[in-house]
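Visitor: I would like to go through this model with you. Could we begin with the strands?
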Amino acid sequence: MRTIAVLSDSHGNYSALQAVLADAKNQGATDYLVVGDMVNRGPRPHEVTAALQALHPLAWVIGNHEEVYQSLLAHQFKGFEDNAKAIMAVVTSGYDRSQLSADEFRFYASRPLQQDVDIDGLLLSVFHATPTSCRGSYTAPDAPQDHFDSLFDGSNALIALYGHTHQPLLRPTTHGQLVLNPGSIGQAVTINLRLAGAKAEYGLLRIDDGHFAGWEQRNVPYDLAQEIEWAKTSDLPYADLYLKLIQTGGFTYNRPAVAADNLANDFLRQAQQLIEKDPW
Ligand SMILES: [Mn+2]
């Protein structure tokens, strides 16, 4: 029996990741898959990276937040001045680069968009949002069925694993494949806050001799007080939005809130200086 822990969207929340990895070990995890957006927004990207690398995951794909690193390294992050969330992407990447080594930053930027993983003849397809893009709302939980069906176009995989939406999902396709989303380790969100809680989400995929043997979506409590303390005692930009999200489970990084933070903290200027200094 293989018990595969599917890890996505830890977003620099090392307190949540620690709880997830302890739980996965308790549950008998034999393997790990990393589905992207493991860093950015949270205070401890380096600790997250070291813990994940020590697991030697079977696959590790790029998320949209890490794709920003790629653009910054390639000097292709242009025209951000009029886009509040693009300004935020530069500023939070600047924080991450101050915490990560040059090798770690480049490691994230060089992850593939999609990876196939063969488990004793059962083929898995691993990607952050879709096999060809790590951003957008194509695979939102309420997306039409044909979007989920098309994730297997040109593929022999029977199970697709993705993240990005921060919302757990199990969805069969028209042709009997299975689409699974473990939710978010570090920034689980929900529209109805009564369904939220200070918890870390991940998934356990069990495969017995090449046959699907179960999917378990885990909700793990973690040391929220420690994470709050780390966020408050670091130089984390947009810390108020981070703290509010992890405490309520409601999404906080909407455009007006980010734009207000940009104005209050002069983040446009900080972003411009970062682009000029080119510290990536
Ligand atoms: Mn994402």
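**Strands, core and helices**

Guide: E4 and E5 run antiparallel and are joined by 6 bridges. Strands (E, at least two residues) and helices (H or I, at least four) are DSSP runs numbered from the N terminus, and two strands pair if DSSP finds at least two bridges between them. This is a predicted model, in which local features need pLDDT of at least 70, side-chain atom pairs count only at pLDDT 80 or more, and totals for chains, interfaces and linings use all residues. Residues are numbered from 1 along each chain as its sequence is written.

Visitor: Which residue stands opposite Leu123 in E5?
Guide: That residue is Asp118.

Visitor: How many residues lie between E4 and E5 in the hairpin?
Guide: There are 2 residues between them, and Asp120 in the turn has a positive phi of about 50°.

Visitor: In what sense do E5 and E6 pair?
Guide: Strand E5 (residues 122-127) pairs with strand E6 (residues 159-161) in the parallel sense, over 3 bridges. Ser125 has Ala160 as its bridge partner in E6, and Leu124 stands opposite Ile159.

Visitor: What is the strand order of the open sheet?
Guide: The order is E4-E5-E6-E8-E7, an open sheet of 5 strands with mixed pairing. Strands E4 (114-119) and E7 (169-172) stand at the edges with a single partner strand each, so one side of each has no neighbour in the sheet. From one strand to the next the twist averages 20°.

Visitor: Changing topic: which residues touch the most other members of the largest nonpolar core?
Guide: They are Val6, Leu7, Val20, Leu33, Val35 and Leu161, out of 72 residues in that core. A nonpolar core is a set of buried Ala, Val, Leu, Ile, Met, Phe, Trp, Tyr and Cys residues joined through C-beta atoms within 7 Å; buried means that 20 or more other C-beta atoms lie within 10 Å of the residue's own, with C-beta atoms placed from the backbone.

Visitor: What does Val20 touch?
Guide: Not counting residues up to four places away in sequence, Val20 touches Leu7, Ile185, Ala200, Tyr202 and Val220. Contact requires C-beta atoms, placed from the backbone, within 7 Å.

Visitor: And at what angle do H7 and H8 pack?
Guide: Helix H7 (residues 224-233) and helix H8 (residues 239-248) pack at about 175°, with axes 10 Å apart. The axes are lines fitted to C-alpha atoms over the stretch in contact, and angles run from 0 to 180 degrees between N-to-C directions. H7 is therefore roughly antiparallel to H8, a term for angles over 145 degrees. The contact involves residues including Leu224 and Ile228 of H7 and Tyr242 and Leu243 of H8.

Terms used:
Buried ≥ 20, exposed ≤ 12 C-beta atoms within 10 Å, placed from the backbone. Contact = placed C-beta atoms within 7 Å. Parallel < 35°, antiparallel > 145°, perpendicular 65-115°, else oblique.
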